[in-house]
Amino acid sequence: MRETPRPQEAAGDAGPGLPQHRPGSASAHTAGASRSGTPHRSDGRPPHTPRGARHTDPTGHPGTLPPVPRWPVLLFSRLAALLTVFALVTWQVVADGPLLGPDERLGLALAGRGPAALSDLFADLGNMEVAVPVLACAVLVAWLRRARREALYAVLAMAAVPLLVVPVKLWTDRQGPLTEATGYYPSGHTATAAVAYGAAALLLAPYVRRSWMMLVAAVLLTAATSIGLVLRGYHWPLDVLASWCLAAALLLVLREVSSRSRRRSSSRTPRC
């Protein structure tokens with residue numbers, strides 16, 4: 001077979017194996033624009049910058065500017081939706097709106113239904129003597145696990161329940177289903193159960209394998225409390241709905257500040 005003759009190399013070449021630099025070809029170590037002799041980096045990083053320290057743009061490509069902090073838009077939209085529902089229901093109660101008629105008919109139809117002992121048991125889940133000790137145990141676990149900021153935030157969320165519920169009760173002055181007494185809107189027992197069990201679930205979730213089970217348990221306990229209160233005739237359905245909205249808003253804020261606190265703690269922890 002006839003081989004194509006290779007071109008002879010000039011005598012002044014350094015050697016046959018060394019690549020030759022061609023004009024216009026890209027090189028990672030060509031002199032920079034200042035001709036100072038420092039290596040040129042296409043991404044603008046200094047030579048000592050580790051690759052892992054580079055920031056990425058919103059599309060995931062390497063960038064040179066740090067990421068701009070984003071406001072929790074989803075959090076604000078959920079809070080706005082919950083507080084809007086709470087405001088609308090409160091307006092109906094204060095103005096004796098058209099929703100009160102169906103609400104009272106439904107409440108009177110459900111009052112006394114179901115096993116009385118079971119309904120009482122469910123309603124008692126919203127008592128301070130039951131719900132607050134559950135939260136206290138979760139706070140103790142978080143405190144021993146050195147999640148002290150999260151534990152403090154949970155205590156503050158629980159303390160905010162009477163500060164928010166009691167003034168609304170005095171302002172609306174709504175009569176209860178089976179009594180002439182007033183001050184039943186919103187349901188303090190429902191708000192207590194939702195915040196206590198929900199905050200306990202948020203505190204304990206990082207330390208269990210299936211964290212979603214803690215949240216499901218909190219929802220079920222709060223739902224059982226609400227059902228028991230309505231079946232025993234202690235509250236109207238709208239009383240319970242308003243407390244759900246108010247407690248959910250508190251828990252959303254608690255989850256946001258707790259997650260930010262955990263991220264700060266993990267970023268400050270020295271890595272071996």
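Student: How much confidence does the chain carry?

Tutor: This is a predicted model. The chain averages a pLDDT of 81, and 71% of the residues score at least 70.

Student: Why is D239 called buried?

Tutor: The cut-off for buried is under 20% relative accessible area. D239 has 0%, so D239 is buried. D239 is found in helix α8.

Student: What does D239 touch beyond four places in sequence?

Tutor: R174, Y184, Y185, P186 and S187. Contact here means heavy atoms within 4.5 Å.

Student: How do you know that the span of α5 agrees with its number of residues?

Tutor: The helix has 25 residues. At 1.5 Å a residue they should span 36 Å, and the end C-alpha atoms are 37 Å apart, so the two agree.

Student: Which residues of α5 are buried?

Tutor: E150, A151, A154, A157, M158, A160, V161, V165, V168, K169 and T172. An α-helix has 3.6 residues a turn, so residues three or four places apart point the same way. Just after α5, D173 takes a positive phi of about 55 degrees.

Student: What makes up the lining of the largest pocket?

Tutor: By class, ten nonpolar, two polar and two charged residues. The space in this pocket is about 370 Å³. Of its 14 lining residues, G198, L215, V219, A248 and L251 are the closest to the centre. The elements giving two or more residues are α1, α6, α7 and α8. The largest share, five residues, comes from α8.

Student: What makes up the lining of the second largest pocket, by class?

Tutor: Three nonpolar, two polar and six charged residues. Asp, Glu, Lys and Arg count as charged. The lining includes R145, R146, R148, R149, E150 and R262, so by that definition these residues are charged. Also in the lining are A147, P206, Y207, S261 and S265. About 220 Å³ of space lies in this pocket. Both α5 and α8 supply at least two residues of its lining.

Key. Residues numbered from 1 in each chain as written. Predicted model: local features only at pLDDT ≥ 70, side-chain atom pairs only at ≥ 80, totals over all residues. Heavy atoms only, no water. 1 Å grid on protein atoms, 1.4 Å probe; cavity = no way out; pocket = protein on both sides within 12 Å on 5 of 7 lines; lining within 4 Å. Points joined across faces, edges and corners; volume = space filled by probe spheres on them. Helix = DSSP H or I, 4+ residues; strand = E, 2+ residues; numbered from the N terminus. Buried < 20%, exposed > 50% of the residue type's maximum accessible area, 1.4 Å probe, protein only. Expected span 1.5 Å × (residues − 1). pLDDT = per-residue confidence, 0-100.
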